[in-house]
Amino acid sequence: MSEAAIQAITMPKWGLAMEEGKVSAWMAEEGAAIAGGEEILEIETTKITNVFESPVAGVLRRRVVVEGETVPVGALIGVAAGAEIPDADIEAFITDFQANFVVEASDAAAAPEAETITVAGRQLSHLRMGPEDGPPVVLVHGFGGDLNGWLFNQPVLAEDHSVYALDLPGHGRAEKNVAGLDVAGLAALLADYMEAVGIGAAHLVGHSLGGAVTLKLAIDQPARVSRLTLLSPAGLGEELNVAYVKGFAGAEGRKEIKSLLQQLFADPQLVSRDMINEVQKYKRLDGVTAALNALADAVFPGGRQGLVMRDQLATLAMPVQAIWGRDDAIVPPAHGEGLPDNVTLHWLERTGHMPHMEAAGDVNRLIAG
Amino acid sequence: MPKKSFRQAINEALAMEMRRDPTVILMGEDVAGGMGAAGEDDAWGGPLGVTKGLMPEFGRDRILDTPISESAFIGAAAGAAATGLRPVAELMFVDFLGVCLDQIYNQAGKFRYMFGGKAVTPLVIRTMYGAGFRAASQHSQCLYPVFTHMPGLKVVIPSSAYEAKGLLIQAIRDDDPVIFFEHKVMYDDEEEVPDEAYTIPFGEANLTREGDDVTIVAIGRMVQFANQVADKLEGAGIGCTVVDPRTTSPLDEETIIECVEETGRLVIVDEASPRCNVATDISALVSERAFSALKAPIRMVTPPHTPVPFAAELEDLYIPSPERIEEAVRSVMGAQA
């Protein structure tokens, strides 16, 4: 092995707002062989705790950061190298890295920011990451979500894709007027958005209500969709947890929001203070409660899903996969049973309604694969 | 999200509500500046520039520079509120309440009750408070306990720029008289503040930190100090919950009680003079309703019972400091055994 075989493992940046992360647990011992993609760390951000998969393969030679320590994004947390590399070289590598690190930290301010964009007379917000000429991927959030919900996915997929995430009307930084929008209307708006940013066809990834929206677009305008990934999607059956939808639309207090958010995850401990705060800040914006109620009435009339497209799945010519958490408490996992053969279904164990957050590594691999 | 100062957040809240509702007006000394003088219009925008830019947008009919007579213009604002406008009056320094208190507590605060609920008084009085500005004892006090004491008034003390914008919009839309306190050394403090309008409800405390060992209730600027202490002590293995009540009237008693029941220890930080301040009020509340949860005596961190000194060294000593808060937190931890 050459000198280049000494590889840095650094604090990842999960989402725009992440500036630092806490190593809450090491899952690999010093001296152990680690494979690329192996879960080696648990990292706690202000938003959520997640496992960190090693970007490199080799022997974990040093844990530079101890459990419980918080370091900025980009900081050295561990070093991997071949077993034959002398300790002195590892030490020199660490000293070198630490000496140069300050420069990198100052670049953090140049992180990409979401921008507003007007599409079909509506003001939306969106963020693009990754190489401009990479294959396009469009991420579409669900009811009450926003583009920041892709914090564990967008930066990873952006390594070799041009990844777009947008805020639908009523959500995030988009306008709060949702008049006239239902699943079909949102699908048409999504097509207009793709037109506006100059994407012909893309791999569409839709979560929950966003799943129904991307599926509707794949049915109505198949030329827009090269591939379809549905995460815990709506649109495949009438039932859903309407108490959650109504509760979320009406919730104001912190405790109420916390208990609702906990329903989204198999592990309710994942709901952090900051996650609750961000939802609370969103819900305080003028027009949000009215928008969520109006949208809920339009897409879930009478507490049922208004548009069920199950029978049309088999007619889709592009590759289609569905990813579902076994413990999804919002859209019944039963809707994933008995799908036609052209749909590849992936079940994720110990995962709730937010597979892209709770099992980000698996979901990223399935989207990229 | 864009970063904005406490000053910008307040200016933005005023501008947005004036655009949304034509009945919102501003009045106060030099809120525009230059009226009736040879000076330039909008020369001041208030003594610290908080209302700068509003007069050019909304005009002299809605941005009213008043004579230096608080009793007259605060009374006029109360009357205007009772007859259908939503005035935001600026009492430049809260220390001047002595010359307009009757208009506030005996008039504005009582209209709803004396007229059988038929009259509402959607009046906001914005006012500067607090020490640390080298402005001496007549311009440095924290008089929110006085207003908290008086029924019929709502009392809001924002602890940051984000809080200020949401609480001020809520105050302007509220149908009762609201006294809105702005700490004068916080105007340049920045944080992320949404461009959109949003409201933060009154009577809902904010937990700015969460920990298992000690509850720190802090008011206004003191929330920042409490956060600093909580962050420092987390590294030392002491977990602090910091409660920002946001409003002292109404007061979110439930959240305070719940936090004390979880941690068993309470430190209250209040920049107001120690007799009959918010700290003593919260201490009494917890003593009455959560006494059995306490593992240590309640500690209050306040200034001494003196006017705010003008000598810079003494003024710095007067204001509750992070060091004194830390000492209080450590002392209630030590009392555990």
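Two residues are taken to be in contact if their C-beta atoms, placed from the backbone, lie within 7 Å. Please keep in mind that this is a predicted model. On that criterion, six residues of chain A are in contact with ten residues of chain B. On the side of chain B that touches chain A, five residues are nonpolar, two are polar and three are charged.

Let me turn to chain B and its helices. Helix H1, residues 6-20, and helix H7, residues 161-173, have axes that come within 8 Å and cross at roughly 25°. Angles under 35 degrees count as roughly parallel, so H1(B) is described as roughly parallel to H7(B). The crossing of these two helices is right-handed. H1(B) contributes Phe6(B), Ala9(B), Ile10(B), Glu12(B), Ala13(B), Met16(B) and Glu17(B) to the contact, while H7(B) contributes Ala161(B), Ala164(B), Lys165(B), Leu168(B), Ile169(B) and Ile172(B). By class, ten residues in this contact are nonpolar, three are charged and none is polar.

I now move to chain A. Its open sheet consists of four strands in the order S1-S8-S6-S3, with antiparallel pairing. Which strands stand at the edges? They are S1(A), residues 7-10, and S3(A), residues 33-34; each has a single partner strand, so one side of each is left without a neighbour in the sheet. S3(A) pairs with S6(A), residues 58-63, in the antiparallel sense over two bridges. Within S6(A), Gly58(A) is the bridge partner of Ile34(A).

Thank you for your attention.

Conventions:
Residues are numbered from 1 along each chain as its sequence is written. Chains are lettered from A and ligands numbered from 1 in the order in which they are written. This is a predicted model: local features need pLDDT of at least 70, side-chain atom pairs count only at pLDDT 80 or more; totals for chains, interfaces and linings use all residues. Two strands pair if DSSP finds at least two bridges between them. Axes are lines fitted to C-alpha atoms, for helices over the stretch in contact, and angles run from 0 to 180 degrees between N-to-C directions. Angles under 35 degrees count as roughly parallel, over 145 as roughly antiparallel, 65 to 115 as roughly perpendicular and the rest as oblique. A crossing is left-handed if the near helix is turned anticlockwise from the far one by less than a right angle, and right-handed if clockwise. Ala, Val, Leu, Ile, Met, Phe, Trp, Tyr, Cys and Pro count as nonpolar, Asp, Glu, Lys and Arg as charged, and the others, Gly among them, as polar.
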